[in-house]
Amino acid sequence: MGYSKKNKKGKRKSQRLGLNLPVKFKKAKGGSTQTCFCSDIGGKGIKIHLRENLEINDKVKLSLCLQDESKPIDMLCRVAWCKKETGDEFCAGLEFLEIKEKRRFIGFLTEKLLELFSKDK
């Protein structure tokens, strides 16, 4: 678990927390539900790794599987960018448009940040 923040030229609009969490996603226009994982997450977006290319500005429905919790948090996101990594692997940056159970999501991020900062001491 890590923490990153880019400067004004880095384009990132909020700080990110490096977490590997399972994510289920489905294109909002239809299609099958697929499982992938996220590598970082913040208050405004998430980076996921998947096996298909996503079109910029497409809407995606996500279910974020939180650690130690049985019920995932559902989200509606916009694809901000997508690039090919290696072979059939892609990486996509998604902007949150709607987060169900926003308080639980914020509580989860806060808990992970506190864990990270307490390890640094």
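The dialogue below takes up the fold, the strand pairing, the core, an aromatic pair, a loop residue and the cysteines.

Trainee: What kind of model is this, and what pLDDT does the protein average?
Mentor: The model is predicted. The protein averages a pLDDT of 84, and 85% of the residues score at least 70. Over residues 1-5 the pLDDT is below 50, and this stretch has 21 contacts in the model beyond near neighbours in sequence.

Trainee: Which pattern does the protein follow along the sequence?
Mentor: The protein has one helix and seven strands, and the pattern reads β-β-β-β-β-β-β-α. Of its 121 residues, 35% count as buried. Among contacts with a separation of 6 or more, 52% come from residues 24 or more positions apart.

Trainee: With which strands does β7 pair?
Mentor: Strand β4, residues 45-50, pairs with β7 in the antiparallel sense over six bridges. There Ile48 stands opposite Ala92. Strand β6, residues 73-84, also pairs with β7 in the antiparallel sense, over nine bridges. In that pairing Glu98 of β7 is the bridge partner of Leu76. The hairpin of β6 and β7 has five residues between the strands, and Gly87 in this hairpin takes a positive phi near 55°.

Trainee: What makes β2 and β3 a strand pair?
Mentor: The definition asks for at least two bridges between two strands. Strands β2 and β3 have eight, in the antiparallel sense, so they pair. Val23 stands opposite Cys36 in β3. Their hairpin has six residues between the strands, and Gly30 takes a positive phi near 125°.

Trainee: How many bridges join β3 to β4?
Mentor: Four bridges join these strands, which run antiparallel. Cys38 stands opposite Ile48 in β4, and a hairpin joins β3 to β4 through two residues.

Trainee: Which residues have the most contacts inside the largest nonpolar core?
Mentor: They are Ile46 and Leu64, in a core of 30 residues. The elements that give two or more residues to this core are β2 (16-27), β3 (34-42), β4, β5 (59-64), β6, β7 and α1 (102-119). Leaving aside neighbours within four places in sequence, Ile46 is in contact with residues including Val23, Cys38, Leu62, Leu64, Ala92 and Phe96. As general background, nonpolar side chains tend to be buried together in soluble globular proteins.

Trainee: Why is the pair of Phe96 and Phe105 called edge-to-face?
Mentor: Two values decide the matter: a pair of aromatic rings is described by the distance of the centres and the angle of the planes. The centres of Phe96 and Phe105 are 5.4 Å apart, within the limit of 6.5 Å. Their planes stand at 85°, and an angle over 60 counts as edge-to-face, so the term applies. By this rule the count comes to one aromatic pair.

Trainee: What makes Lys100 partly exposed?
Mentor: Lys100 has a relative accessibility of 46%, which lies between 20% and 50%, so Lys100 counts as partly exposed. Its place is in the loop between β7 and α1. Not counting residues up to four places away in sequence, Lys100 touches Ile73 and Asp74. Lys100 and Asp74 are 26 residues apart in sequence and 5.5 Å apart in space, C-alpha to C-alpha.

Notes. Residues numbered from 1 in each chain as written. Predicted model: local features only at pLDDT ≥ 70, side-chain atom pairs only at ≥ 80, totals over all residues. Heavy atoms only, no water. pLDDT = per-residue confidence, 0-100. Contact = heavy atoms within 4.5 Å. Phe/Tyr/Trp six-rings, centres within 6.5 Å; stacked < 30°, edge-to-face > 60°. Core = buried A, V, L, I, M, F, W, Y, C linked by side-chain atoms within 4.5 Å. Buried < 20%, exposed > 50% of the residue type's maximum accessible area, 1.4 Å probe, protein only.
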